[in-house]
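Hi,

Here is the structure I promised to pass on.

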Amino acid sequence: MLHRDRVLIVDDEFIIAQTLCVYVEDLGLTVCGTAASADEAVALAVDQRPFIVLMDMRLQGDRDGVDASQEIHQRVGSKVVFITGSREPATLARIEGDHPSAVLFKPISEGQLVAVIRRLLEEDPGA
């Protein structure tokens, strides 16, 4: 079972991850962990079972955000929101192929993130 009040943040840039933590906590949700690599993200998702994962595309290590998202989706079923600075067609095609819940482009505002999170929580009230 997923925990509706939990959000996992996956970004290899510390400042961005911390900013996202503040945005999530301001919504009254719990940040169940932060990860800088795909492997860390998958391990935390399996352990914490967050309802939402905020996923950067480029991560530390050999695997990227799509790799992590695919494994998290298969193993946990969390909703993944990609937050990326890339607008390269190949990158966007990989993200879209993973059926993301949303895609936001850096730099994002707190308002953009809050709107997406609220929409996801309202779309699936029974989860």
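A quick definition to start: helices (H or I, at least four residues) and strands (E, at least two) are DSSP runs, numbered from the N terminus. Bear in mind that this is a predicted model, where local features need pLDDT of at least 70 and side-chain atom pairs count only at pLDDT 80 or more, while totals for chains, interfaces and linings use all residues. Residues are numbered from 1 along each chain as its sequence is written, and side-chain values use heavy atoms, with hydrogens and water left out.

On to the salt bridges (a side-chain nitrogen of Lys or Arg within 4 Å of a carboxyl oxygen of Asp or Glu). The count is nine by that rule.

One of them pairs E123 with R119, their closest N and O atoms being 2.7 Å apart. Both sit in helix α5 (residues 110-123), four residues apart, or about one turn of the helix.

R94 has a salt bridge to D64, with 2.3 Å between the closest N and O atoms. This one links distant parts of the chain: R94 is in helix α4 (residues 89-97) and D64 in the loop between β3 (50-56) and α3, 30 residues apart. R94 also meets D67 in a salt bridge (3.2 Å, N to O). D67 belongs to helix α3, so this pair ties together parts that are 27 residues apart in sequence.

As for accessibility, buried means under 20% relative accessible area, exposed over 50%, and partly exposed in between (1.4 Å probe, protein chains only). D64 is at 15%, so it counts as buried, whereas R94 at 36% counts as partly exposed.

Finally, D39, R63, E71 and R75 are linked in a salt-bridge network.

Cheers
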